[in-house]
Amino acid sequence: MLNEISQPLLQPRRSDAGERVRHAARRPLAKLWVGTAIAIAAFGTAWLVYLYRDSGAVAHADSAAPQVVASKPLVRELNSTLGFLGQFSAVEHVELRAQVGGTLKEIHFKDGNIVHKDDLLFVIDPVPYEIKLAEATAQMENATARLDLAKRELARAQMLKRNGVVSVENLDQRTSDQEAAQAALDDAQAQIRDARFDLDHCRISAPFTGRIGTHLVSVGNLVAGSRGASSPTTLLATLVSLDPIYLDFDMSESDYLAFSRERAKQKGVLADKIEIALSDEADFNRKGTLDFVDNALERSSGTIHARATVPNGDLFLTPGSFARIQLALGALAMTILVPDAAVLPDQNRHLVLTVAPDGTVVPKTVETGDARGGLRVIRSGLNANDRVIIEGLPFASPGSKVSSKDGDIRYAAVSQDIRQTQ
């Protein structure tokens, strides 16, 4: 009985112990979940703070004004000039053609070489013309003998006439015979000169000193010749002179008017000096003289042709090559210059972007001139106190705000006639 009663009383005690064990086992797991949740919440808060700060930095960066480099224009004392692009041409240009026909026997030059006046260039087979000269010489000798006989017979007839032996008709016949013999002699002499002309022109020489081109006919070819070009002739080669050399260029109507007005002030002859730079040269070290301006403007282009003569003692300048020209107009004057890259084309005008005191980009319409010292001359539209954007142009637009720092504009070369103003 006691066992039966005590058994149920002991059962609840075992159950309470088990519950306590299970509850103790769940405590570390709950703490783990709580810790994990706290860590996740802290990480999320830090991430949100990071995103907020990053977005604020981006927004601040987007709101910052772009930076450019600006400088006041360079002001120098320069002589007023006009700039042109010209092309060299030969003063003398000749096509060497034969005046007599025949077989080409000799060529006495190397293609592209410098040849001098009277140098032998080509030889055409002279044999046919030597034969012709020999025939003319024989005819002259025969005519000379006939003339001598006619003169003796005329003298004899005149003596007999004075003695009354010969009639007047006989005297007239002797006189006629002498005149015919004289005409035959004159004709023979003319044929000799003709034959000698042909023979001499079998040898073709250089008419002046210059550079010869390639030979267009090889030895052994038959050459067609004509004295007066009355029939087709064979072109043998071309020859151009080199010293001096012409430099041809065209003036626009506005440039021509400026040039003419300045010449009227000077009241001098047309002997204006020009400075020349080749396409691969930065400095205008070569000199020339403007000695020709045409008498009318071309209606189609609105330009007038001009020409300068340039010394070429070293024979370096070649016909057909191009050069830049500076034509001085007047005395030294204050000139504004900016880098060529700072001048922006805008349809039919040019703009220069400047920075106002409050950082606003202000465009200015300018009239440009020629290039001087690696810079562009500004004739009007800009003053010496403007701050011109010389770097960072892609980041500047009219009306926008920019942050600018000071730059420097430098002249590439200083010549004797140019002085920088302080």
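Predicted model: local features only at pLDDT ≥ 70, side-chain atom pairs only at ≥ 80, totals over all residues.
A salt bridge is a side-chain nitrogen of Lys or Arg within 4 Å of a carboxyl oxygen of Asp or Glu. Residues are numbered from 1 along each chain as its sequence is written, and side-chain values use heavy atoms, with hydrogens and water left out.

**First stop: salt bridges**

Select Asp198 and Lys132. These two residues form a salt bridge whose closest N and O atoms are 3.1 Å apart. Asp198 belongs to helix H3 and Lys132 to helix H2, so the pair ties together parts that are 66 residues apart in sequence. Helices (H or I, at least four residues) and strands (E, at least two) are DSSP runs, numbered from the N terminus. Is Asp198 buried or exposed? Asp198 is buried, with a relative accessible area of 5%, whereas Lys132 is partly exposed at 32%. Here buried means under 20% relative accessible area, exposed means over 50%, and partly exposed lies in between (1.4 Å probe, protein chains only).

The structure holds 14 salt bridges. Another joins Glu281 to Arg286, with 3.9 Å between the closest N and O atoms; Glu281 is partly exposed at 24% relative accessibility, and Arg286 is partly exposed at 22%.

**Second stop: an open sheet with E6**

Next, select the strands E7, E6, E4 and E9. In that order, the 4 strands form an open sheet with antiparallel pairing. Strand E7 (203-205) and strand E9 (222-223) stand at the edges with a single partner strand each, so one side of each has no neighbour in the sheet. Two strands pair if DSSP finds at least two bridges between them. Strand E6 (residues 120-124) pairs with E7 over 3 bridges. Which residue of E7 is the bridge partner of Phe122? The partner is Ile204.

Keep Phe122 selected. Contact means heavy atoms within 4.5 Å. Beyond its neighbours within four places in sequence, Phe122 is in contact with several residues, including Leu96, Ile107, Cys202, Ile204 and Ala237. A nonpolar core is a set of buried Ala, Val, Leu, Ile, Met, Phe, Trp, Tyr and Cys residues joined through side-chain atoms within 4.5 Å. The largest such core has 25 residues, and those with the most contacts inside it are Leu121, Phe122, Ile124 and Ile212. E6, helix H2 (127-162), helix H3 (168-200) and E10 each supply at least two residues of this core. Apart from it lies another core, of 22 residues, among them Ile276, Ala308, Ala323 and Ile325.

E3 pairs with strand E10 (residues 235-240) over 5 bridges, and Leu96 stands opposite Ala237 in E10.

**Last stop: Thr354**

Finally, select Thr354 in strand E17 (residues 349-355). Thr354 is buried, with a relative accessible area of 4%. Setting aside neighbours within four places in sequence, its contacts include Val361, Leu382, Asp386 and Ile389.
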